[in-house]
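Reader: I have a model open and want to learn how to read it. Can we go feature by feature?

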Amino acid sequence: MLLVPPLSPALADAVAASYRTVRWPETDHETFLAEHAADIVAIVCTNSGAVPARLIDALPRLGIVANHGVGYDNVDLDTALPRGVLVTHTPDVLDDAVAETALALLLAVRRQVVAADRFVREGRWPQGPFPLTDQVAGSTVGILGMGRIGGAVATRLEAFGASVRYHNRRQVPGSRLPYAESPAALAAEVDSLIVVVPGGSSTEGLVDAEVLDALGPDGVLINIARGSVVDQDALIEALEGGRIRGAGLDVFRDEPHVPTTLTEREDVVLLPHVASGTHATRAAMERLTLDNLHAWMRGEPLLTPIPELRDRT
Ligand code: DGY
């Protein structure tokens, strides 16, 4: 098995406990491939470890990519799928953790939690009170992407007293939530917009200047999806121009690098891609990654193949 970093020590050790493993090196890929390519039948990776076409092409016996993460835009599907390489991911088990992060970011931006914390720590309180903020209760929140995570976000927003609307590639049958025909139409109807769509070429730049302008000067953008979904330059320009109120971001265009044009701003809350990063959720994701791998090795049906494969496995 080929372990593609970054991978948690727990997952790497668990795979190594059952199978012979080699680790993808940082450099000298040619020498590594000359030595190991013919033996590698499986790749284990996380959603931040790239599995590009040239790696898939270099492994003649590759049968599966077991991805630790619900998103799998790190895997070149155009190369893997036509070759019959199976791909699994870890849906469902992270819905609660990711939805909590969406709410944490929305509350942090709307109630200025991080700025207020800095205000206390920097000793500014004795000089006067912290400015008033906006509450989530009574506001309207749009969810862009109404899959399982979007649904978990909606449940929590309603518990906070917000009205929820959504846009999705297709309207969700039976949903009682109001549907907007496009991302811009949704943005125009809401106070805050939460981005939950999968990454990849079909959603690249989906949240652009038009959507941000539709959100408007009191609007807040939350992104827990992928950095690629939001046009980061357009977002920075909208923040700098006061065309939106603020943003809460767990994901960025060029992770782990975040431009100073964002880090220097008070109206943003920035997280290091930790939406699923709880002990319980990461353990469940590791278990599911392993169980998919074991199932494939035994010739059994995969537990959670990616949607593109579901009818075929
Ligand atoms: C994933 O698993 O793809 C998400 O990035 C979780 O944060």
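**Reading the model**

Author: Start with Gln112, which has a relative accessibility of 28% and so counts as partly exposed. Buried means under 20% relative accessible area, exposed means over 50%, and partly exposed lies in between, with a 1.4 Å probe and protein chains only. This is a predicted model: local features need pLDDT of at least 70, side-chain atom pairs count only at pLDDT 80 or more, and totals for chains, interfaces and linings use all residues. Residues are numbered from 1 along each chain as its sequence is written, and side-chain values use heavy atoms, with hydrogens and water left out.

Reader: Where is Gln112 placed?

Author: Helices (H or I, at least four residues) and strands (E, at least two) are DSSP runs, numbered from the N terminus. Gln112 sits in the loop between α5 (95–110) and α6 (113–121). Its phi is near 55 degrees, a positive value in a residue other than glycine.

Reader: Which peptide bonds are cis?

Author: Check omega. The bond from Pro5 to Pro6 is cis, with omega near 0 degrees. Pro6 lies in the loop between β1 and α1 (9–18). Glu255 and Pro256 are also joined by a cis peptide bond, with omega about 5 degrees. Pro256 belongs to the loop between β10 (246–249) and α11 (260–263).

Reader: Now the sheets. In what order do the five strands of the open sheet come?

Author: The general idea comes first. Strands of a sheet pair through backbone hydrogen bonds, either parallel or antiparallel. Two strands count as paired if DSSP finds at least two bridges between them. Here the order is β2-β1-β3-β4-β5, and the pairing is parallel. The edge strands are β2 and β5 (86–88), since each pairs on one side only.

Reader: Which residues stand across from each other in this sheet?

Author: Walk across from β2. Two bridges pair β1 and β2 in the parallel sense, and Leu3 has Arg23 in β2 as its bridge partner. Strand β1 (residues 2–3) is joined to β3 by two bridges, again parallel. There, Leu2 has Ile43 as its bridge partner. Then five bridges join β3 to the parallel strand β4 (residues 64–68). Ala42 stands opposite Ile64 in β4.

Reader: Why is β3 described as largely enclosed?

Author: Count its buried residues. Five of the five residues of β3 (residues 42–46) are buried, so the strand is largely enclosed by the rest of the structure. Check the two directions as well. Ala42, Val44 and Thr46 point one way, Ile43 and Cys45 the other, and all are buried.

Reader: Which residues cover the two faces of β8?

Author: In β8 (residues 192–195), Ser192 and Ile194 lie on one side and Leu193 and Val195 on the other, and all are buried. β8 has parallel partners. Four bridges join β6 to β8, with Gly142 opposite Leu193. Four bridges also join β8 to β9 (residues 220–223), where Ile222 stands opposite Ile194.

Reader: Is Thr140 buried or exposed?

Author: Thr140 is in strand β6 (residues 140–144). At 17% relative accessibility, it counts as buried. Contact means heavy atoms within 4.5 Å. Leaving out residues up to four places away in sequence, Thr140 touches Ser163, Arg165, Glu189, Val190, Asp191 and Ser192.

Reader: And which residues are around the ligand?

Author: A residue is near a molecule if one of its heavy atoms lies within 4 Å of it. The residues around the ligand are Asn47, Gly69, Val70, Gly71, Leu94, Arg226, His273, Ala275, Ser276 and Met285.

Reader: Which polar atoms lie by the oxygen atoms of the ligand?

Author: A polar contact here is a pair of N or O atoms within 3.5 Å. An N or O atom in the side chain of Asn47 is 3.5 Å from a ligand oxygen. A polar backbone atom of Gly71 is 2.8 Å from a ligand oxygen. For a polar side-chain atom of Arg226, the distance to a ligand oxygen is 2.7 Å. The protein covers 96% of the 230 Å² of accessible area that the ligand has on its own, by the Shrake-Rupley method with a 1.4 Å probe.

Terms used. Polar contact = N/O pair within 3.5 Å; in protein donor to acceptor, adjacent residues only side chain to side chain.
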